[in-house]
Each structure stands twice: as C-alpha cells, then as structure tokens.
Amino acid sequence: MTHAAAYDAHPEIQCVLHVHHPGIWKNASSLGIPTTPETVSYGTVAMANHVMRILESKPNQVISMKGHTDGIIATS
C-alpha cells in the first residue's frame, strides 16, 4: 500500500525504493528527513496515508518510517 500511495501522490514518481538502514532511520530528524509517526505500522492504510501526505509537498525525497524499524523509502 505504501508504494502505491507514493505513486498515487505524484504521477512523476518513477521509482519507490524501500531499504533498511539503521543509521538513517535513527538519525532522520538530525538529517532533515521527514518521518512518519512511530505509532503507525508499515503495511497499513495509515502508513500509506502519511507517506502520501509527505510526498504531496515534495515528490522526490527520502522518508523515514518510524513505525517500521530501520525502514526508509526514497522516491525518484
């Protein structure tokens, strides 16, 4: 759902990359990376909605999914 939400947020998104990187995930705030709430689990409608809202303002970016341990999404 989260990947589909990213594509739905902006038609110009051509790639959604999902990786696990503890360093980026733990330091997202200090790196200026937007995050989803810790209480929102990956694979849920809520996570998809949060990712979509983040991407509505800026389609190509990195997002840290705080409710998905070490989970990072990057769009291009």
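Helices (H or I, at least four residues) and strands (E, at least two) are DSSP runs, numbered from the N terminus. By that rule the protein has four helices and four strands, in the order α-β-α-α-β-α-β-β. This is a predicted model: local features need pLDDT of at least 70, side-chain atom pairs count only at pLDDT 80 or more, and totals for chains, interfaces and linings use all residues. Residues are numbered from 1 along each chain as its sequence is written, and side-chain values use heavy atoms, with hydrogens and water left out.

**Overall form**
- The C-alpha trace spans about 30 × 25 × 20 Å along its principal axes.
- Buried residues (under 20% relative accessible area, 1.4 Å probe, protein chains only) make up 38% of the 76 residues.

**Strand β4**
- Four of the five residues of β4 (residues 71-75) are buried, so the rest of the structure largely encloses this strand.
- Strands pair if DSSP finds at least two bridges between them.
- β1 (residues 16-20) runs antiparallel to β4, with five bridges; valine 19 has isoleucine 72 as its bridge partner.
- β3 (residues 62-65) is also antiparallel to β4, with four bridges; isoleucine 63 stands opposite isoleucine 73.
- The β3 and β4 hairpin has five residues between the strands, and aspartate 70 takes a positive phi near 65° there.

**Serine 64**
- Serine 64 lies in strand β3.
- Serine 64 is buried, at 0% relative accessible area.
- Contact means heavy atoms within 4.5 Å. Beyond neighbours within four places in sequence, the contacts of serine 64 include Trp25, Ile33, Gly71 and Ile72.

Methods. Buried means under 20% relative accessible area, exposed over 50%, partly exposed in between (1.4 Å probe, protein chains only).
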